[in-house]
Amino acid sequence: MTGLSSHTKCYALMVLMLPSDSARQWHVHELELVEVVADQVAVALSHAAILEESMRARDLLMEQNVALDLARREAETAIRARNDFLAVMNHEMRTPMHAIIALSSLLQETELTPEQRLMVETILKSSNLLATLINDVLDLSKLEDGSLQLDIGTFNLHSVFKEVLNLIKPVASVKKLSITLNLAQDLPVYAVGDEKRLMQTVLNVVGNAVKFSKEGSISIIAFVAKSESLRDSRAPDFFPMPSDNHFYLRVQVKDSGSGINPQEIPKLFTKFSQSQSSATRNSGGNGLGLAICKRFVNLMEGHIWLESDGLAKGCTATFIVKLGIPERSNESKLPFTPKVPANHGQTNFSGLKVLVMDDNGVSRMVTKGLLEHLGCDVSTVSSSEECLHGVSHEHQVVFLDVCMPGIDGFDLAVTIREKFAKRHEKPLIVALTGNTDKVTKENCMRVGINGVIQKPISVDKMRSILSELLEHRVLYEAL
Amino acid sequence: MERNQMRRQLALMRQSFFDQGFLDEQFIQLEELQDDANPNFVEEVVTLYYRDSSRLILNIDQALERNPLDFNKLDNYMHQFKGSSTSIGAKKVKAECTQFREYCKAGNSEGCMRTFQQLKKEYAILKRKLEAYFQQARQAGPLETACRSRN
């Protein structure tokens, strides 16, 4: 009896029964031969088994390849579908967006009340921000492969925060949430960076705070981060290096809302992550808001993080970004702030008694209309005799048109002065002139004229002029 | 709605005045002065302008017939004319006034007469346009939103 086996596996058993009384006598070498044959058969059997297994493996591989191929094609289809979806959604979203922006701009060009104008401006600003957001959000590939570039420019940093506040105030007041903005004293007014994306980030973070607070208050603090505070235990791999022409802006938004489970925090910045808890801090349903913010903040060489003591215990969102300090020469390119800002001081001059002297009928009517529009009680005269006759101590301001040939406005002013020399209440005398030169100005000052204004005058200009005049009793604008 | 169409046309007409240089920013200032207390301010000022200046034109015409020309007097008249035109924002008319005064200063009779003809032409064109504009404005009806409430 011999077992046909190869290695350890037994394939078959060959039994040779040799009766003791058989006619054939088996010799030892014959038995050995049988053993060899048996071994060979075992080997053959094992080979066959291996072949069978390899064929099975090959079939399996082929099946797997087919399956993988199918999966790859499905994935490709899915990506194509996603890109098509994005392209279509892009277009779908941009079309109405474009309509809103275009029509709002057109609306601005029409005649509107101040309240309406303010509303239209807010619509336009919000639409522009939304349009930028759509461009960024739907341009996932750019954000993915990091090829998004910041639009660097000089901008008013303080206005960014005020804008965000203006945009979010309506929503917050509906929810009866109070928002406070605290800009540090040393926070530069102008900075160099990507204004739109910084605003988006602030808006996103503040928007989240508003969204997830049912009541209470939200505080926004912005200040220049000093070296010690830059290194944060929560951002151990962040090594900010302040320099001469850069500073680090640190913004903290604290709310008393629904809070976050601290374990959920890392996931919040991952796009499309679905949070298990019902209150997810990702803005909108697509979970992109904070992910985008993180991208922007990273591009600005900064860091963003959230802290919360737990659910229902509020949340503090903090981010630090690097901004440039504009050079002194840049300040001349910044929008010029007028010496006397519009709506400065008094804006209602109702009852202010004024006298206008102008020999030109049309010009007189226009000046009268202007002053009446501002609430003044206006009397008009068309000659110096009428003026001297009509002017009284009740008049607080006398407007003289001094570009009248043949009538010496200066002499008139002198005469008016003399008339009221002994009185306590004297009218302020203002010269309106189309000719502007130093000589005219000096002559006016010499005869005691309180102010000189160059025509033509706009409503806003007249308003600020009257304001300054009544406050300081004198006005000599740069002619 | 027909009214909306009229208002649109009106807005286009108005814009063309600025685009083609007939009116300048001063006209807008006048519009800003129109409010509930003065709903027809602009039309009133413009009407006054045409009334006043027609008298001036007559005077200048007569003065230009004299020989020799009294440039001083002409300059005085033109100063008035220019002042009024500036007050309503009549851009082209104002430019002709300035030109006329230059010729007066230079004592150029021919220049004055030529410029005055041009001035009268611009004056008439603007008058026609503004009359049409105000007429259409009246037909389109009062725009509640166009008036700013009194400060």
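A: The secondary structure of chain A comprises 13 helices and 15 strands. The model is a predicted one. Of the 479 residues of chain A, 39% count as buried. Among the contacts in chain A that join residues at least 6 apart in sequence, 72% link residues at least 24 apart.

Chain B has six helices and zero strands, and its pattern along the sequence reads α-α-α-α-α-α. It has 151 residues, of which 44% count as buried. When contacts in chain B with a separation of 6 or more are considered, 68% of them come from residues 24 or more positions apart.

The interface itself can now be described. Chain B contributes 28 residues to the contact and chain A contributes 29 residues. The size of an interface is often expressed as the accessible area lost when the parts come together. Between chain B and chain A, about 2,400 Å² is buried, with 53% of this area on carbon and sulfur atoms. Polar contacts, by comparison, join six residue pairs between chain B and chain A, with both residues of each pair at pLDDT 80 or more.

On the side of chain B that touches chain A, helix H2 (25-32), helix H3 (41-65) and helix H4 (71-88) of chain B each provide at least two residues. H4(B) supplies the largest share of that side, namely seven residues. Sorted by class, the side of chain B that touches chain A consists of nine nonpolar, eleven polar and eight charged residues.

One residue of chain B that reaches across to chain A is B:Glu31. This residue lies in helix H2 of chain B. Leaving aside residues up to four places away in sequence, B:Glu31 touches A:Glu111 in chain A, together with B:Arg14, B:Val42 and B:Tyr133 in chain B. B:Glu31 counts as buried because its relative accessibility is 14%, under the 20% limit.

Helix H4 of chain B also holds an annotated position, B:His79. An unreviewed UniProt entry places the feature "modified residue: Phosphohistidine" at B:His79. With a relative accessible area of 18%, B:His79 likewise falls under the 20% limit and is therefore buried.

According to an unreviewed UniProt entry, the annotation "modified residue: 4-aspartylphosphate" covers A:Asp401. A:Asp401 is located in strand S12 (residues 397-401) of chain A. Its relative accessible area is 1%, so A:Asp401 is classed as buried. Not counting residues up to four places away in sequence, the residues that A:Asp401 touches are A:Met357, A:Asp358, A:Ser363, A:Leu432 and A:Lys455.

The buried residues of helix H8 of chain A are A:Gly289, A:Leu290, A:Ala291, A:Ile292, A:Cys293, A:Phe296 and A:Val297. An α-helix has 3.6 residues a turn, so residues three or four places apart point the same way. After H8(A) comes A:Glu301, which has a positive phi, near 55°.

Technical notes. Residues are numbered from 1 along each chain as its sequence is written. Chains are lettered from A and ligands numbered from 1 in the order in which they are written. This is a predicted model: local features need pLDDT of at least 70, side-chain atom pairs count only at pLDDT 80 or more; totals for chains, interfaces and linings use all residues. Side-chain values use heavy atoms; hydrogens and water are left out. Buried means under 20% relative accessible area, exposed over 50%, partly exposed in between (1.4 Å probe, protein chains only). Helices (H or I, at least four residues) and strands (E, at least two) are DSSP runs, numbered from the N terminus. UniProt positions are given in the numbering used here, feature names are shortened, and annotations may be inferred rather than shown by experiment. Contact means heavy atoms within 4.5 Å. Buried area is the accessible area (1.4 Å probe) that two parts lose on being put together, summed over both. A polar contact is a pair of N or O atoms within 3.5 Å; within protein, one must be able to donate a hydrogen and the other to accept it, and residues adjacent in sequence count only if both atoms are side-chain atoms. Ala, Val, Leu, Ile, Met, Phe, Trp, Tyr, Cys and Pro count as nonpolar, Asp, Glu, Lys and Arg as charged, and the others, Gly among them, as polar.
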